[in-house]
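Please read the points below alongside the sequence and the model.

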Amino acid sequence: MRYAQGGGLTDAGRAARERVRLQAVERFEGGQKNREIAAALRVSERSVERWRRQWRERGEAGVLSKGSPGRPRLSDAQIARLERELERGPLVHGWVDQRWTLARIKTLIGRLFHVSYTVEGTWLLLKRHGWSWQQPARRAIERDEAAVEVWKKETWPRVRAPRRRVTAGSSSRTKPGSR
């Protein structure tokens, strides 16, 4: 086969595949059979069949590259609008607190631009445009430092203590006293 399975083609790789499909179109027009075309272009017969069907249905446009199948991109104007909306805050957009989570930003992008991103895709979008995750600048006013210290010293060691056997264990499947 001419190209490996998988994805993630570069623009040059997509252009190379498109050239192969256009060569196949020339051979379709010349009346060659699928098997001959597949052998000449070093691709599978199934691919040639699919290209021929697309060519019959939509002409040469049917075999042209449709571009990157990757993430949908927002235009610069949409990115600028997203930034303005994020600065307005989550309360304005109907959430009950002031936290922007990736899931919320994903939902906001869908509402504003009718474009679907995954949560991971949303994070990559934010990272590409220089945004980062938020961390509170200071501790909550309600935090009781004395209670936290008591919990760390008294409660946590009890909760954390490993469960150990009082006696040594046995690898036998039966009880040691039953022999």
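A patch, as the term is used here, is made of residues with over 30% relative accessible area and no salt bridge, nonpolar side chains being joined within 5 Å. The model is predicted. In it, Trp 151, Trp 156 and Val 159 form a nonpolar surface patch, and together they have about 330 Å² of accessible area.

**Overall architecture**
- The protein chain contains seven helices and zero strands, giving the pattern α-α-α-α-α-α-α along the sequence.
- Of its 179 residues, 23% count as buried.
- The chain exposes about 14100 Å², of which carbon and sulfur atoms supply 50%.
- Among contacts between residues at least 6 apart in sequence, 41% join residues at least 24 apart.

**Nonpolar patch**
- Trp 151, one of the patch residues, belongs to helix α7, which spans residues 145-160.
- Trp 151 counts as partly exposed because its relative accessibility is 43%, a value that falls between the 20% limit for buried and the 50% limit for exposed residues.

- Helix α6 covers residues 119-128, and its buried residues include Gly 121, Thr 122, Leu 125 and Leu 126.
- These four lie on the same side of α6, because they cover an arc of only 140° around the axis.
- The buried residues of α6 pack against α4 (76-88) and α5 (102-113).
- Glu 120 and Lys 127 are exposed on the other side of α6.
- Gly 130, with a positive phi near 85°, follows α6.

**Salt bridges**
- The whole structure holds six salt bridges.
- Within helix α4, Glu 85 and Arg 88 are three residues apart, about one turn of the helix; they form a salt bridge whose closest N and O atoms are 2.9 Å apart.
- In this pair, Glu 85 is buried, with a relative accessible area of 11%, whereas Arg 88 is partly exposed at 49%.
- Glu 145 pairs with Arg 143, with the closest N and O atoms 2.7 Å apart; Glu 145 is partly exposed at 41% relative accessible area, and Arg 143 is partly exposed at 34%.
- Salt bridges that share partners also join Asp 97, Arg 99 and Arg 104 into one network.
- Within that network, the side chains of Arg 99 and Asp 97 meet at 2.9 Å, N to O.
- Arg 99 is partly exposed, with a relative accessible area of 49%, and Asp 97 is partly exposed at 23%.

Notes: Residues numbered from 1 in each chain as written. Predicted model: local features only at pLDDT ≥ 70, side-chain atom pairs only at ≥ 80, totals over all residues. Heavy atoms only, no water. Patch = residues over 30% accessible without salt bridge, like charges linked within 9 Å, V, L, I, M, F, W, Y side chains within 5 Å. Areas by Shrake-Rupley, 256 points an atom, 1.4 Å probe, with all protein chains shown as cover. Salt bridge = Lys/Arg side-chain N within 4 Å of Asp/Glu carboxyl O. Helix = DSSP H or I, 4+ residues; strand = E, 2+ residues; numbered from the N terminus. Buried < 20%, exposed > 50% of the residue type's maximum accessible area, 1.4 Å probe, protein only. Arc of directions from axis to C-beta. Contact = heavy atoms within 4.5 Å.
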